[in-house]
Amino acid sequence: MSHSKKLIFISQHKYVTYLLQETGKTACKPLSNPIDSNLKLGNADDSVAMDKEIYQRLVGKLICLSHTRPDIAFKL
């Protein structure tokens, strides 16, 4: 957060940077649409298992971020 006599600017930059560091994604580059819209999801029996608690914590943080940054939550 930064401010002057007439303006207060609130930013989530520090939170997003922390989130990227925590997940090891600091080298990722932004894209306008990071997933193919025609992709069909299915079962991946041979995929690497992820810790359920870590996944749930990450999803919770992303939900919090999307509530505070509507431009991230809804992108055309």
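Helices (H or I, at least four residues) and strands (E, at least two) are taken here as DSSP runs, numbered from the N terminus. The model is a predicted one, in which local features need pLDDT of at least 70 and side-chain atom pairs count only at pLDDT 80 or more, while totals for chains, interfaces and linings use all residues. Residues are numbered from 1 along each chain as its sequence is written, and side-chain values rest on heavy atoms, with hydrogens and water left out.

The protein contains 3 helices and 2 strands, and from the N terminus on its elements follow the order β-β-α-α-α. Its accessible surface (Shrake-Rupley method, 1.4 Å probe; for residues, only the protein chains shown count as cover) comes to about 7,600 Å², and 60% of this belongs to carbon and sulfur atoms. Of the 76 residues, 5% are buried, where buried means under 20% relative accessible area, exposed means over 50%, and partly exposed lies in between (1.4 Å probe, protein chains only).

Turning to the charged side chains, the structure has 2 salt bridges, each defined as a side-chain nitrogen of Lys or Arg within 4 Å of a carboxyl oxygen of Asp or Glu. Side chains of opposite charge can pair when their charged atoms come close. Lys61 is buried, at a relative accessible area of 16%, whereas Glu22 is partly exposed, at 38%.

The side chains of Arg57 and Glu53 also meet in a salt bridge, with an N to O distance of 3.6 Å. Both residues sit in helix α2, 4 residues apart, so about one helical turn separates them. Here Arg57 is partly exposed, with a relative accessible area of 39%, and Glu53 is exposed, with 53%.

Ile35, Leu39 and Leu41 make up a nonpolar surface patch, and together they have about 350 Å² of accessible area. Patches consist of residues with over 30% relative accessible area and no salt bridge; like charges are joined within 9 Å, and nonpolar side chains (Val, Leu, Ile, Met, Phe, Trp, Tyr) within 5 Å. Leu39 is found in the loop between α1 (13–23) and α2 (52–68). Its relative accessibility is 47%, so Leu39 counts as partly exposed.
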